[in-house]
Amino acid sequence: MKDWIKPVIVGTIGGLLGGMLCLIVLAIAYNNSGVFGNVADWFGAVGTISAVWIALYLRKGKPIIEIQAYIKMVPHLVDWGDTDQNGETLYENHGYKLEVRIFASNLGNADVLITDMCTRVLENYEYKFIEKPMVLKSGCVTEIESDGTYGNPFEEPFRKYNLDFIKTNNSQLIVKTHNGKTYKSKIVISA
């Protein structure tokens, strides 16, 4: 039997039985309107109960998470606080690093706690983009930037071989939330 036939048959039989039960109750209520009220009272009661059920259902809320990640190679310039004669800041070139920009949006109607955001850059190594959990508010977009140094110029940056690994293996950005859900997104490599 096809997968869709059984729910259609059960739904049809349930609808017919529910309709017959409703007609029997309405007939009893119509014949004894002094005890049960009239048809308008019944429709009003069903409408009120339905409205309360819908309000409670919508209140529950669910986050709808969308993630976009972009990476590119940029010069790794370090500012030591020195200036030239014209007052312009001097930078020391430390080669290239990988710049990562992540846009996390929550299109749902409930806040969500993101506990982990990472990608696999080597066979057994995950590179983490957030140091501690973060709250993604309902209806908001958050931008996360990372270069692998967390603001420390002496730390090893996110190197080019990581970019090569991501290209070769089609690595994905993996986002985990407090309720155990995992979201994955393709990482877009820009020039």
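Predicted model: local features only at pLDDT ≥ 70, side-chain atom pairs only at ≥ 80, totals over all residues.

**Entry 1: getting my bearings**

I started with the overall layout and found 4 helices and 8 strands in the protein. Reading along the sequence, I wrote down the pattern α-α-α-β-β-β-β-β-β-α-β-β. I noted that buried residues make up 26% of the 191 residues. For the accessible surface I have about 13,400 Å², with 59% of that belonging to carbon and sulfur atoms. I also looked at contacts with a separation of 6 or more, and 58% of them come from residues 24 or more positions apart.

**Entry 2: strand pairing**

I went to β1 and β2 next and found them running antiparallel, joined by 15 bridges. Within this pair, I see K72 standing opposite E99 in β2. The hairpin of β1 and β2 has 5 residues between the strands, and I noted that G87 there takes a positive phi near 85°.

Then I followed β2 to its pairing with β6 (residues 141-146), which is antiparallel over 6 bridges. I picked out R101, whose bridge partner in β6 is E145.

At β7 and β8 I found another antiparallel pair, this time with 5 bridges. Two partners I wrote down are V175 with Y183 in β8 and L173 opposite S185 in β8. These strands form a hairpin with 4 residues between them, and G180 in the turn has a positive phi of about 90°.

I also checked β1 against β8, and they pair in the parallel sense over 3 bridges. Y70 has V188 in β8 as its bridge partner.

**Entry 3: the nonpolar core**

Which residues touch the most other members of the largest nonpolar core? I got I102, M117 and L173, out of 23 residues in that core. I then listed the elements that each supply at least two residues: β1 (65-83), β2 (89-106), β3, β5 (134-136), α4 (160-169), β7 (172-177) and β8 (182-189). As background for myself, nonpolar side chains in soluble globular proteins tend to be buried together.

I took a closer look at L173. Leaving aside neighbours within four places in sequence, L173 is in contact with I67, A69, I102, M117, C118, T119, F129, Y183, K184, S185 and I187.

T119 lies in strand β3 (residues 112-122). Is T119 buried or exposed? I have T119 as buried, because its relative accessible area is 0%, and the cut-off for buried is under 20%. The side chain of T119 reaches the backbone oxygen of Q172 at 2.9 Å. Beyond its neighbours within four places in sequence, T119 is in contact with Y125, E126, Y127, F129, I166, S171, Q172, L173 and I187.

D116 is found in strand β3 as well. I count D116 as buried too, because its relative accessible area is 10%. What does the side chain of D116 make a polar contact with? I found the side chain of K128, at 3.2 Å.

**Entry 4: the end of α3**

I turned to K60, which lies in helix α3 (residues 39-60). K60 counts as exposed because its relative accessibility is 58%, and the cut-off for exposed is over 50%. I also looked up K60 and N109: they are 49 residues apart in sequence, and their C-alpha atoms are 8.8 Å apart in space.

Last, the confidence check. The mean pLDDT of the protein is 78, and 83% of its residues reach 70 or more. Confidence is highest in β5, at a mean of 92, and lowest in helix α2 (residues 33-36), at 64. I flagged residues 150-154, where the pLDDT is below 50. That stretch has 8 contacts in the model beyond near neighbours in sequence.

Definitions and conventions: Residues numbered from 1 in each chain as written. Heavy atoms only, no water. Buried < 20%, exposed > 50% of the residue type's maximum accessible area, 1.4 Å probe, protein only. Polar contact = N/O pair within 3.5 Å; in protein donor to acceptor, adjacent residues only side chain to side chain. Contact = heavy atoms within 4.5 Å. Areas by Shrake-Rupley, 256 points an atom, 1.4 Å probe, with all protein chains shown as cover. Core = buried A, V, L, I, M, F, W, Y, C linked by side-chain atoms within 4.5 Å. Pairing = 2+ DSSP bridges. pLDDT = per-residue confidence, 0-100.
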